[in-house]
Amino acid sequence: LEREAELAAMHAVIDAAHGGVGRVIAIEGRAGMGKTRLVGEARALAAEVGFEVLVARSADLEQEFAYGVVRQLFEPFLAALAPEERDEVMAGTAGLADRLFGDEELTGAASGDVSFAVLHGLYWLAANLASQRPTAIVIDDLHWTDAPSLRWLTYLSRRLEGLPLLVVLGLRPPEQSVEKELLTELIADPSALVIRPTALGVPSVATMAREEFGLDPEDEFIVACHAATSGNPLFLRAILDAIHSEGFSPTAENAGRVREIGPEAVTRAVTLRLSRLPTEARRLAVSVAVLGDGAEIRH
């Protein structure tokens, strides 16, 4: 919903990359804004036009492992190749990265130095793959990616010209990441297409409610849902599901229940995010919750 312009832009970049004009698509947004859905759409579009798609998803608990995302991308693909095919894609300079997939000593602390030879070898591995068939590298939750993998992505993104190689990234704003500088550098490249999904409007809330309940929602109910979630797609889906599971209908009479029920999925998401923040941040969040809308820092 409300993503027609974003989909059209991605389609154009994917078609161009298939023709040899490699580029980065970075989908940046707060939690619940639909980044993963757009990453999935880009992945599907790439597969439809014949890309070899390599996929990885970063995780908070894995960002201390060097090259973790690189391994996710390439290890399953390389493992599925016949020996002669593997030799072909690892030929030449790409061989510099070969030890990464067999040397456990390279999985140390993610903050360690990254060998230029490994970066260069990984670049040529991706280039060799793209020379055989247009290739798409798709990574979701990039804000949790380990530092060496991010450095390689930055190295790769500056060398996409002339390659049928597409890089699709889904991430939260860089300031929410441990590797703020690396993420900022990666998506600040002028050649990157940066998509920032916006909140959904009232008509989209009505559409989602209609799909959830199987009947037309009343205006007061729609407005209450939009106000309670600020148009965040994840929170909207969660609150509609919660209300439906409680047996209520999308009527004006039940508009007040929107704020009372409080979707469990939202509670879990917020609690998890707060648990990762310093004690001072949690105290501030609790104070704001008590003081309510309009609270100021000085209070």
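A crossing of two helices is called left-handed if the near helix is turned anticlockwise from the far one by less than a right angle, and right-handed if clockwise. In this predicted model, helix H3 passes helix H5 in a left-handed crossing.

- Two packed helices are described by the angle between their axes and the distance between the axes.
- Where the two helices touch, H3 contributes Val-70, Phe-74, Phe-77 and Leu-78, which meet Leu-122, Leu-125, Ala-126 and Leu-129 of H5.

**The largest nonpolar core**

- The largest nonpolar core holds 48 residues, and the members that touch the most others are Phe-74, Leu-122, Leu-125 and Trp-152.
- Two or more residues of this core come from each of the strands S1, S2, S3 (135-140) and S4, and likewise from each of the helices H3 (68-79), H5 (116-132), H6 (147-157) and H7 (180-187).
- Among these elements, H5 gives the most to the core, with 9 residues.
- If neighbours within four places in sequence are left aside, Trp-152 is in contact with Val-70, Leu-73, Phe-74, Leu-119, Leu-122, Tyr-123, Ala-126 and Ile-137.

**The sheet**

- Strands of a sheet pair through backbone hydrogen bonds, either parallel or antiparallel.
- Here 5 strands form an open sheet with parallel pairing, and their order is S2-S3-S4-S1-S5.
- Strand S2 (52-57) and strand S5 (193-195) each have a single partner strand and stand at the edges, so one side of each is left without a neighbour in the sheet.
- On average, and with direction ignored, neighbouring strands of this sheet are turned by 15 degrees against each other.
- Strand S1 (residues 23-28) runs parallel to strand S4 (residues 165-171), and 6 bridges join the two; Ile-25, for instance, has Val-168 in S4 as its bridge partner.

- Ile-239 and Ala-228 are 11 residues apart along the chain, and their C-alpha atoms are separated by 8.9 Å.

Methods: Residues are numbered from 1 along each chain as its sequence is written. This is a predicted model: local features need pLDDT of at least 70, side-chain atom pairs count only at pLDDT 80 or more; totals for chains, interfaces and linings use all residues. Side-chain values use heavy atoms; hydrogens and water are left out. Two strands pair if DSSP finds at least two bridges between them. Helices (H or I, at least four residues) and strands (E, at least two) are DSSP runs, numbered from the N terminus. Axes are lines fitted to C-alpha atoms, for helices over the stretch in contact, and angles run from 0 to 180 degrees between N-to-C directions. A nonpolar core is a set of buried Ala, Val, Leu, Ile, Met, Phe, Trp, Tyr and Cys residues joined through side-chain atoms within 4.5 Å. Buried means under 20% relative accessible area, exposed over 50%, partly exposed in between (1.4 Å probe, protein chains only). Contact means heavy atoms within 4.5 Å.
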